[in-house]
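Here is a short briefing to read alongside the structure. Take a moment with the fold before going on to the notes.

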Amino acid sequence: MKLVFTSLDFVDAGLMQSMLEAEGIPTDMRNLRSSSLAGEIPVLEVMPEVWVLDDASEERALGLIKAFRAEPTETFPDWKCLGCGEIIPGSFTECWKCGRPMDAV
């Protein structure tokens, strides 16, 4: 077994485990019930950990995790609100000034 992911957040660890399992890589999650010990022992000892069961899957699992966690490269162009004429960043779906939805553009 090889450790491939640790996080302070159980949700992140569960997400990575689910993603790897969906890709056909059997995993095990450790330290699920250890958070209550934080403070008594070092935090790094109680963080949720995702392990791959087959050592040969380690490299593929690490690659999948890296790709999954990479910043999205897709950007959306700014748009002009037809209600008030404000230029709105492409990441918004409504005008921040008047509330008009982007799909009205």
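Which residues does Met-29 touch, not counting residues up to four places away in sequence? In this predicted model, the answer is Ala-13, Gly-14, Gln-17, Pro-48 and Glu-49. The points below set those contacts within the chain, starting from the overall layout and ending with a neighbour in the loop.

**Overall layout**
- You will find two helices and five strands in the chain.
- Their order along the sequence is β-α-β-β-α-β-β.
- The chain has 105 residues, and 28% of them are buried.
- Among contacts with a separation of 6 or more, 46% are between residues 24 or more positions apart.

**The largest nonpolar core**
- Twelve residues form the largest nonpolar core: Val-4, Phe-5, Ala-13, Met-16, Met-19, Leu-20, Ile-25, Met-29, Val-50, Val-52, Ala-61 and Ile-65.
- Two or more of these residues come from each of strand E1 (2-6), helix H1 (10-22), strand E3 (49-52) and helix H2 (58-69).
- Helix H1 is the top contributor to this core, giving four residues.

- Why does Met-29 count as buried? Its relative accessible area is 14%, and buried means under 20%, so Met-29 falls on the buried side of that cut-off.
- Pro-48, one of the residues that Met-29 touches, lies 19 residues away along the chain, with 6.9 Å between the two C-alpha atoms.

**Asn-31 in the loop**
- Where is Asn-31 found? Look in the loop between strand E2 (27-30) and E3.
- Leaving aside neighbours within four places in sequence, Asn-31 is in contact with Phe-10, Glu-45, Val-46, Met-47, Pro-48 and Glu-49.

Methods:
Residues are numbered from 1 along each chain as its sequence is written. This is a predicted model: local features need pLDDT of at least 70, side-chain atom pairs count only at pLDDT 80 or more; totals for chains, interfaces and linings use all residues. Side-chain values use heavy atoms; hydrogens and water are left out. Buried means under 20% relative accessible area, exposed over 50%, partly exposed in between (1.4 Å probe, protein chains only). Contact means heavy atoms within 4.5 Å. A nonpolar core is a set of buried Ala, Val, Leu, Ile, Met, Phe, Trp, Tyr and Cys residues joined through side-chain atoms within 4.5 Å.
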